[in-house]
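Here are my notes on the ligand site, as promised. Have the structure open while you go through them.

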Amino acid sequence: MSDKVDFGPLAELIGVWKGDKGSDLAPEPEGSEVSPYSETITYTAVGDVKNAESEVLAVVRYHLEVMHKLTNEKIHDETGYWMWDASTGTVINSLIIPRAVCVLAGGKFNSTVDENGQITLDVKAAVDHADWNIIQSPFMKDKARTNGFTRTVTVGNGKMKYFQNTQLSIYGKEFDHTDQNQLTRQP
Ligand code: HEM
């Protein structure tokens, strides 16, 4: 591993971010529940790794914590990595949530810079995807299965927003468990 690394589009992420405009739509047995939330995400530069003497990935590690705005209860915790493969223009997000669910989501990076000077990271995974998959415990597979996951992060100039959809099968129905927030990089 080296720490003299070109993080490519991931360079925009590194730092501590906070935002309190989060909105979560989660499943309930009788329907759904919307929770307003605040969030802290810490992205740390790791360096690069070489796989099979050929593939080089630049790596950023992150941890995020989500608190309900009204109760201050923690409603989500997530840890993972973002990886950048400059040779193929691929971004990868591996993530773990403490419900015994792991996701390996990937996508091609579109280098367009928008009118706000921001770039977008787009990744997806699905249980039946050829490349990017989801692993979950037998209980979750049976009772609260994650079938698919998409995440879009727009970042630049110290601002970030994201939208993500976790496609679930739970309580006998299909449910789009969605989350979105806007964050600013802390000085
Ligand atoms: C900002 C991000 C997220 C927030 C705020 C959030 C919040 C919630 C909440 C409030 C519930 C309802 C159950 C409960 O009260 O604990 C829930 C359920 C669930 N979430 Fe999330 N979630 C987030 C992201 C994710 C992600 C990324 C995944 C998986 C890839 C995920 C998977 C699930 C599953 C499988 C359930 C159903 C479990 C159950 O209700 O019994 N969530 N989430």
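This is a predicted model: local features need pLDDT of at least 70, side-chain atom pairs count only at pLDDT 80 or more; totals for chains, interfaces and linings use all residues.

1. As for volume, the largest pocket holds about 750 Å³ of space. Its lining counts 38 residues, and those closest to the centre are Asp 24, His 76, Arg 99, His 177 and Asp 179.

2. Now for the ligand: the largest pocket is where the ligand sits. Two or more residues of the shell around the ligand come from each of β1 (15-28), β4 (74-85), β9 (144-156), β10 (159-170) and β11 (173-185). The top contributor is β10, which gives five residues to that shell.

3. Which residues come nearest to the ligand? Out of the 21 around it, they are Ala 26, His 76, Arg 99, His 177 and Asp 179. By type, the shell around the ligand divides into 12 nonpolar, five polar and four charged residues.

4. In one, a side-chain N or O atom of Arg 99 lies 2.9 Å from an oxygen atom of the ligand. In the other, a nitrogen atom of the ligand is 2.9 Å from an N or O atom in the His 177 side chain.

Methods. Residues are numbered from 1 along each chain as its sequence is written. Side-chain values use heavy atoms; hydrogens and water are left out. A residue is near a molecule or strand if one of its heavy atoms lies within 4 Å of it. A polar contact is a pair of N or O atoms within 3.5 Å; within protein, one must be able to donate a hydrogen and the other to accept it, and residues adjacent in sequence count only if both atoms are side-chain atoms. On a 1 Å grid over the protein atoms alone, a cavity is a set of points where a 1.4 Å probe fits but cannot get out, and a pocket is an open set with protein on both sides within 12 Å along at least five of seven lines; lining residues have an atom within 4 Å of a point. A molecule sits in a cavity or pocket if more than half of its atoms lie within 2 Å of its grid points. Helices (H or I, at least four residues) and strands (E, at least two) are DSSP runs, numbered from the N terminus. Ala, Val, Leu, Ile, Met, Phe, Trp, Tyr, Cys and Pro count as nonpolar, Asp, Glu, Lys and Arg as charged, and the others, Gly among them, as polar. Grid points are joined across faces, edges and corners, and a volume is the space filled by probe spheres set on the points.
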